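Open the structure in your viewer and keep the selection panel at hand. The stops below say what to select and what is there.

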Amino acid sequence: MSESSKGYRVGVVGATGAVGRTMLQILEQRGFPISELRLFASKRSAGKVIRHDHKDYEVEELTTAVMRDMDVALFSAGAARSKEFAPVAAKNGVIVVDNSSAFRMDPEIPLVVPEVNPEALESHKNIIANPNCSTIQLVVVLKPLHDAARIRRIVVSTYQSVSGAGAGAMNQLRMECQRRLPIPTPTQGVRPGAFVRLGPSTGNGPVGYRIAFNLVPQIDVFSDLDYTKEEWKMVRETQKILGEPEMKLTATCVRVPVFLSHSESVNIEFERELAAADAVQILSKSPGVEVVDDVAERKYPMPLDAAGKDPVYVGRIRKDPTVPNGLNLWVVSDNLRKGAALNAVQIAEKVLGVQARPGA
């Protein structure tokens, strides 16, 4: 690896996508030292110009031949491309931080959230996996609580924004919201012709069903025991990151009509008693976490407030009286930032010993 006096040679793979563009924003906001920046995408996007830090950069076509002469490459181009191109880059001495699911459960590849398990980076062999968005925000909150009272069991329900399904899903929600639904009044019902109906809930959009004014309790395809792949990702990735392969976690993942930020309702049963007030104190001092919890003033995390921000927000911290040593939490985070791009940049900073710009 070579660092010039001006910084590192950095590549962003999938630079034209939502996560790729967010990676570029975060690199600039955190003052990541870059001596050379290269942007990669599919042949269709090659030649496009993206402005970064007051300079214009032309997007290169992603090929095996160009996966060299970089210190670090941030990948966000899907699992298939990661499997094809990341090993080539790694073999050529490039440190790859991969945002796809391609390498997450490979026992030889570290799966890292810097606030949680930075020690895992010591064993990397030039490929480091970035966890799933819903897993990242969960483990940032679980780790300090697990250290304090040891977790016995977790039940999590997610409320995941359409941005997690890509730009097409965001466009689907936007277009559906531009129409109007029939809204009955308590006494009169719906006046004929007063509203334009959206039609049935089924559809061919990226979400698979109409998402406006609807909830879809399926993210990714169904797998073992009729859980979806997204739900199993949360289970297995959490176990790997926390180093607890037998940790009991069950998840239900739901797509909701929100553009940005994922929310999670988390129920935790501990081995030892942990008072809600103690959990608040612990989380208030935990890196990457911001507690918003004042029910008297109706203050708690919400997706709109988390959008565009870096912390994992937690609130509604309260005792669960139905089980021994139980707590309930509400966790919200911007899934494009901490759930993807920010975590990848933080991994690169850790590996290279880069200090983020103060206040970033």
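## A tour by selection

Select Asp-220: at 32% relative accessibility it is partly exposed (buried is under 20% relative accessible area, exposed over 50%, partly exposed in between, with a 1.4 Å probe and protein chains only). This is a predicted model, where local features need pLDDT of at least 70, side-chain atom pairs count only at pLDDT 80 or more, and totals for chains, interfaces and linings use all residues. Residues are numbered from 1 along each chain as its sequence is written, and side-chain values use heavy atoms, with hydrogens and water left out.

Asp-220 lies in the loop between helix 4 (167-177) and helix 5 (229-242), and Lys-233 in helix 5, so the pair ties together parts 13 residues apart in sequence. Helices (H or I, at least four residues) and strands (E, at least two) are DSSP runs, numbered from the N terminus. Lys-233 is buried, at 19%.

Next, select Glu-108 and Lys-125. Their side chains meet in a salt bridge of 3.3 Å, N to O. Both residues lie in the loop between strand 6 and strand 7 (127-129), so this pair links parts 17 residues apart in sequence. Glu-108 is partly exposed at 48%; Lys-125 is exposed at 59%.

For a network, pick Arg-150, Glu-244 and Glu-271, which salt bridges link together. The count of salt bridges comes to 15.

Now go to strand 3 (residues 49-52).

Val-49 has Glu-58 as its bridge partner. Two residues sit between the strands of this hairpin, where Asp-53 takes a positive phi near 50 degrees.

Finish on strand 6 (residues 95-98). Both faces are covered: Ile-95 and Val-97 are buried on one side, Val-96 and Asp-98 on the other. Strand 5 (residues 72-75) runs parallel to strand 6, with four bridges. Phe-75 stands opposite Asp-98.

Note on methods: Pairing = 2+ DSSP bridges. Salt bridge = Lys/Arg side-chain N within 4 Å of Asp/Glu carboxyl O.
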